[in-house]
Amino acid sequence: MSRLNLFFLLIFVVLLIWISFFQADQVDRLQKGTQTLFRPFISASGELSEAASSLQEEKPSYSQLQGDLDAAKRERDRLRLLVQDLDDVTHDNNELRKALLYKNRSPLNLLATRVINRKSMTWYNTITIDKGAEDLVRPDLAVIVPNGDSDSAALVGKVSEVVGPHSSIVLLLTDEMCQVSAKVEGTEEQGILNGERGPVSSDPTLSLRYASRSNPNLNLRYLPKGVQIKPGDRIVSAGIGEVFIGDLVLGIVKQANRGVIDTEAVIVPAVDFDRLKDVFIIMPDDTDNNEPAEQRRLSVKANR
Amino acid sequence: MVYWISILFIILVSFPLQEFAPDFTWAYHSKVLLVHSVFFAAAVSVPFPVMLIYALVAGFIWECRYHMPIGNLETAVSATQFELPFGFTILIFGLLGVFIQGVRPFFRQGRWGLPVLMVGVCTLLGLLIEYLVISFNRGGLFMSTDFWFKILMTALFSTLLAPFLLLLFSRIANLTGYQISLEGITRRYSYDGNDI
């Protein structure tokens with residue numbers, strides 16, 4: 001090797017060692033700067049993906065559209081009647097809410113965010129959202145969505161990294177590193193729920209493990225051997241860790257396997273990760289974000 | 001010099017373009033790693049010191065953009081975790097850049113078969129090393145069939161991209177009058193195919 005090559009190799013090694021000793025806050029600053037620089041491209045690529053996926057959607061036939069239109073008209077008429085009743089109910093409900101000081105009793109302070117990019121990192125299941133440092137978002141805050149029509153909330157994941165004033169990366173529940181202490185609803189016996197390593201897997205022991213490539217099932221491990229668990233049971237967060245509060249819906253038991261030492265279960269996630277659009281970050285109680293009060297205080301029923 | 005700067009510019013441009021590279025869900029969530037492909041293809045055509053500079057620049061920007069902190073785990077009390085140390089991609093690019101430099105004589109002779117294949121192989125090796133380090137940190141080696149398909153498909157996309165990149169680089173070399181030198185390996189390969 002020539003002296004010149006050796007000299008450059010030496011410089012390279014020295015610089016590499018110097019870079020590898022960067023402190024977390026230095027890395028954070030560098031990443032924030034880069035993300036700010038790349039943000040237009042990230043947003044544009046997200047919009048392009050949305051446009052491309054909408055083009056790929058199957059176009060319905062005329063008869064299908066006509067059927068849908070008829071069904072929609074029937075539904076509209078039914079809803080008109082319902083709305084008249086609901087006006088009264090809503091009025092009563094608002095009065096009751098005021099009376100109970102519902103706002104103050106609600107345990108959660110929520111920040112509404114929108115998913116701006118669904119592309120995952122190479123080895124991690126992630127999404128990018130449009131709230132960041134300026135919205136007081138910080139790592140390890142839980143991210144949820146309302147769970148269907150009920151008052152409960154389903155866990156999406158947690159903020160992994162705040163990468164800009166208006167963007168953060170969320171590590172999804174389907175990732176192996178997003179671990180949640182979980183329990184079967186109605187029991188106190190707990191296990192650890194997480195996804196699989198990498199975006200997909202084909203564990204030969206469980207052919208039913210994956211519902212789809214984008215929505216893999218989850219694994220609930222380390223449950224006591226004698227735990228009462230059966231397919232259809234609802235799994236919720238136990239709330240014993242520092243990251244996630246209790247009673248967030250995680251999924252439904254698909255299959256339970258009793259082992260020699262413990263019980264494991266395959267869980268179908270409560271969240272459709274393919275369709276995530278608007279999600280909520282659970283902000284610390286002392287955070288005063290600027291979102292409308294109604295959005296911030298989406299209620300999660302603590303004891304169902 | 002003009003050639004080296006041109007290639008550096010292409011490497012920098014590949015970063016914003018990488019944002020538009022789609023995830024192929026039908027191909028086991030593999031993706032086109034454009035930056036990796038451009039770097040490995042560039043490493044075939046430049047001298048060792050320039051390759052190291054490219055590795056440093058490309059690896060550093062990649063880390064700034066894609067380095068992933070995990071945060072706290074519920075199951076363990078720990079500080080914010082970095083599974084792959086910051087700067088790991090620089091190391092990967094440096095190591096594999098040295099590896100792929102061995103096929104420079106083939107590129108110079110216009111025999112692109114092996115360089116094209118090596119771009120894919122280096123992409124595969126890079127991903128494999130990353131995954132092994134992640135697995136080491138997590139304390140368990142789990143290699144499913146889908147995992148192998150994912151990295152093989154990613155490597156395949158890089159291989160498919162490589163001829164176009166090498167063609168682009170050779171055109172730029174012609175335009176700028178750049179001659180690929182074989183310093184460091186000329187003693188072992190005294191015949192470089194240009195004497196006939």
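Predicted model: local features only at pLDDT ≥ 70, side-chain atom pairs only at ≥ 80, totals over all residues.
## Ground rules

Local features need pLDDT of at least 70, and side-chain atom pairs count only at pLDDT 80 or more. Residues are numbered from 1 along each chain, and side-chain values use heavy atoms.

## Helix 1 of chain B

Helix 1 covers residues 2-18 of chain B. Helices are DSSP runs (H or I, at least four residues), numbered from the N terminus. The expected span is 1.5 Å times one less than the number of residues. For these 17 residues that gives 24 Å, and the end C-alpha atoms are 24 Å apart, which agrees.

Its buried residues include B:Tyr3, B:Ile7 and B:Phe15. Buried means under 20% relative accessible area, exposed over 50%, partly exposed in between (1.4 Å probe, protein chains only).

## Aromatic pairs

The structure holds 16 aromatic pairs over all chains. Rings of Phe, Tyr and Trp (its six-membered ring) pair if their centres lie within 6.5 Å; planes under 30 degrees apart are stacked, over 60 edge-to-face, the rest tilted. B:Trp4 and B:Tyr178 have ring centres 6.3 Å apart and planes at 75 degrees, so they are edge-to-face. B:Trp4 lies in helix 1 and B:Tyr178 in the segment after helix 7, so the pair ties together parts 174 residues apart in sequence.

B:Trp4 is partly exposed at 27%. B:Tyr178 is buried at 14%.

## Cysteines

A search finds zero disulfides over all chains. A disulfide is a pair of cysteine sulfur atoms within 2.5 Å. A:Cys178 is buried at 0% relative accessible area. B:Cys64 is buried too, at 3%.

## A partly exposed leucine

B:Leu152 is found in helix 7 (residues 145-176) of chain B. At 43% relative accessibility, B:Leu152 is partly exposed.

Definitions and conventions: Chains lettered and ligands numbered in written order. Helix = DSSP H or I, 4+ residues; strand = E, 2+ residues; numbered from the N terminus.
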